[in-house]
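Biologist: I'm new to this one, and I'd like to learn how to read it. Could you walk me through it?

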Amino acid sequence: MTGAGGPPTAEPGFGRRHRKEDQRFIRGRGLYVDDVRLPGMLYGAVLRSPYPHARIIAVDTIAAQAHPKVKAVITGETLAGLNLAWMPTLSGDTQAVLATDKVRFQGQEVAFVVAEDRYSARDALELIVVDYEPLPAVADARRALDPGAPLIRDDQPGRTTNHIFDWEAGDARRADEVFRDAEVTVAQDMLYPRVHPAPLETCGAVADFDRVAGKLTIWATTQAPHAHRTLYAMVTGVPEHKIRVISPDIGGGFGNKVPIYPGYVCAIAGSMITGQPVKWMEDRSENLMSTSFARDFHMRGELAASRDGRIRAVRVTVLADHGAFNGTAQPSKFPAGFFSVFTGSYDLEAAYCQVTGVYTNKAPGGVAYSCSFRITEAVYLVERMVDLLALELDLDPAELRLRNLLRPEQFPYTCQTGWVYDSGDYPRTLRLAMDLAGYEGLRKEQQAERERGHLMGIGVSFFTEAVGAGPRKHMDILGFGMADGVELRVHPTGTAVLRISVQTQGQGHETTFAQIVAEELGIPADDVEVVHGDTDQTPFGLGTYGSRSTPVSGAATAIVARKVRERARAVASAMLEVDPADLDWERGRWYVRGDPDQGRTIAEIALAAHSDLELPDGVEGQLDATCVYNPPNLTYPCGAYICVVDVDPGTGKVRVRRFIAVDDCGVRINPMIVEGQVHGGLADGIGMALMELIAFDGDGNCLGGSFMDYLLPTSLECPSWELGETVTPSPHHPIGAKGVGESATVGSPPAVVNAVIDALRPYGVRHADMPLTPAQVWRAIQGRPLRTDLAIGPE
Amino acid sequence: MTIRVAVSVNGTEYVREVEPRLLLIHFIRDDLGLTGSHWGCDTSNCGSCVMWLDGRPVKSCTLLAAMADGRAVRTVEGLERNGKLDPVQQGFIECHGLQCGFCTSGMLMTARWLLDHHPDPDEAQIREVISGQVCRCTGYENIVRSVRWAAEHEGASRMAEDGPA
């Protein structure tokens, strides 16, 4: 008996809990797209362009079609006949499914072969002869707007340049005024180079078009199954109720699996043409060379400050390389994503940024890789600039941040670009990181190391994230508001099924979302089945990216559970023959106020709700509810990161010795999962800062097309992470959670780079662009850092 | 042209006629239907395809099925014995050593091999032995802890499996 005299309260929902999904994965019983095998299934393969820019004179498929195991050869012309040669992108542009007129990047899709097995499909690609007329290519975004630059998108009538958009935020005049009378200013050009999410599972699909039923079923690697279903309906003409998208287990996404890729559409076309299921899985080179890359932001940042270290204003100009098709996956009113939070975590007088987007002869994309819609770039910019200011003022970079961080009493805080930060205690978060690091001791150790000629560096970064897109009034993708649906049904015996629209790629939704129901209703998490990844089984919603699952669908889940709880109250009142207003709730149970022994558990209520019990007027039988959650604002997680590195001056090799990360993501539903999310993002940061790069040569050839060239961090590059936490709940989220999936990826790269530049201080190095490979560090020591995005030598 | 391959996989004998060029990973996944091992890169970098060949972890994306003829393969499906999880499987659950699950089977096979040969590895040894495999989700920390958990629970687990000595 509890103190109140009733039965024990059900186990709490929140807390560390093993993941439900692990049981199948550790047995090798996951079901990924490439594990799907249907009767009569055929295999597709894509022929890709070897040229970054070339006119297609002719495509000869005769020999390929004669291959004994080939069932179909599809070209741009075939698709044009089906009105499928071009498709809309998530940014309102169009993208070629299979090229008809020109190829516009190396690796672009030119033809599709459907054959009886994987190897034969590949063999037949070799039999297709394409006559190309090579054209000059634009690989360098900084040359894309030059007069006389080759015109990439001549498919668009009236277009004369490679310019896509201009976008600005903040107040240019005010920023200029502050800069004019500032005591100190610093400026720096910096590149956030092109990187790739590179999930271990590449992209792929199995399309199965049932000609009799007119139904199209697509198993696909998608983070947004509902959005894909709608787009397929718009593209293929198959009615939406006759399309079922199944996103089974996904082997990592990180934003790579948000867009629709030509291969998916080709698989659909292949199934429609052959009448059999068609599987298409890209290989690693195809993944790296043709699917959604990230970043490629050429930035110039400026800070204005007072001599005593008060940061007053920030100005930024950006050249954004979007590749050959504008296919960024982000809310449509935000062509530079959420770069608006380049104001960072500081109380400024003014801010202004201007972003120009351009086409180049490179793969399309730009918004991916756990970037929170370009907040990675914004945080990197401002956190590098703060370090440059610290260098200029000869102030400790942590001290400079402490002087300028927003104070807790300033929340909710409207930043200079108009975004309303919901909550946070920034100074406490940074101080905790400094305590965990032993910051003062590290600085002393660094001094001693320098005197011995050793290069030790300490890097600090502080980030504010803006996640959980988003309020539908402001945020949509292709016109679809970013609100997400959820359905909860309690079965007669008291177990439940929760149907969600978001799509896990490893984040553990089956566990976390069950825990939210457990917390709100008292049904044990093990008794809540979470259904996701099947558009025939789940309500509409825009999917998982931008750290939006917990802020949006997590909120929807809490609210739907509360709706069910209120329905249960009405049923309980009928069971107990008391007024609903006289009932009180404790987790899992309604009871009579003042008489705690008189109560009914959710399981008892569920059974009664399905029984012949006479219910009050207006109360429906059964126990279920739906909810579509429209977030009132974004949530704003924050964090303070400290990285300690040692640099070998002879080789330029960087070793990350320690990494301390304090995250504030609001209320933590399952701390074990939260910490796992942070760990993964920190590894991403080391990868981006030190290793990962999709570079091009001057002719537009991709130099990062395999894992031999695109280097990912292993267990040897990563230290043992040291984590801490602060918790300031989001005031507008029903359970105070903020989302955490991308925080560490956003916050860690500047900490690593700041640490390396700090280590190189004896050489007078102010900046060097990522990735800080041994070659790049060595060049920085020589005073000649490289431009990393192009293999064309130093500028 | 095809070639005859006779191979023992997780203790079961299979005989198949295959193309000489067929990769071992595709043979195991597509021909035998054991999809617990994954394909990730083609270049031996990622290790999603790690399985055992005659008791040693190998990257099956760069071996031919024909090279397994007359030999013994063990995959993730062969870890669980008599309905009881291997300690490395339990360790990955206990310590959140996986997220998307794609690298997990390869990591488990390497971990099992490590503990068979070095029952009490320290963190550096664990990091060294898994360094040929990539995980994009966990940042490796919890994989290391998972293997340590398994090392610390091997004895208890074996006792339970074999009964009291």
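Predicted model: local features only at pLDDT ≥ 70, side-chain atom pairs only at ≥ 80, totals over all residues.

Biologist: How many residues of domain 1 of chain B are in contact with domain 2 of chain B?

Modeller: Two residues are in contact if their C-beta atoms, placed from the backbone, lie within 7 Å. By that rule, 14 residues of domain 1 of chain B meet 11 residues of domain 2 of chain B. On the domain 1 side, β3 and β4 (56–59) of chain B each give at least two residues, and β3(B) has the largest share, with 3 residues. That side divides into 7 nonpolar, 6 polar and 1 charged.

Biologist: Now a helix. Which residues are buried in α1(B)?

Modeller: A residue is buried if 20 or more other C-beta atoms lie within 10 Å of its own. Helix α1 (residues 24–31) of chain B has 6 of its 8 residues buried: Leu24(B), Ile25(B), His26(B), Phe27(B), Ile28(B) and Arg29(B). They pack against β1 (3–9), β2 (12–18), β3 (50–53) and β5 (72–74) of chain B, along with α4 of chain A. After the helix comes Gly33(B), with a positive phi near 75°.

Biologist: And what about the two chains, how many residues are in contact there?

Modeller: Here 40 residues of chain A touch 39 residues of chain B. On the chain A side, α1 (22–25), α4 (118–125) and α16 (671–690) give two or more residues each. The largest share, 7 residues, belongs to α16(A). That side holds 17 nonpolar, 14 polar and 9 charged residues.

Key:
Residues numbered from 1 in each chain as written. Chains lettered and ligands numbered in written order. Helix = DSSP H or I, 4+ residues; strand = E, 2+ residues; numbered from the N terminus. Nonpolar A, V, L, I, M, F, W, Y, C, P; charged D, E, K, R; others polar. Buried ≥ 20, exposed ≤ 12 C-beta atoms within 10 Å, placed from the backbone.
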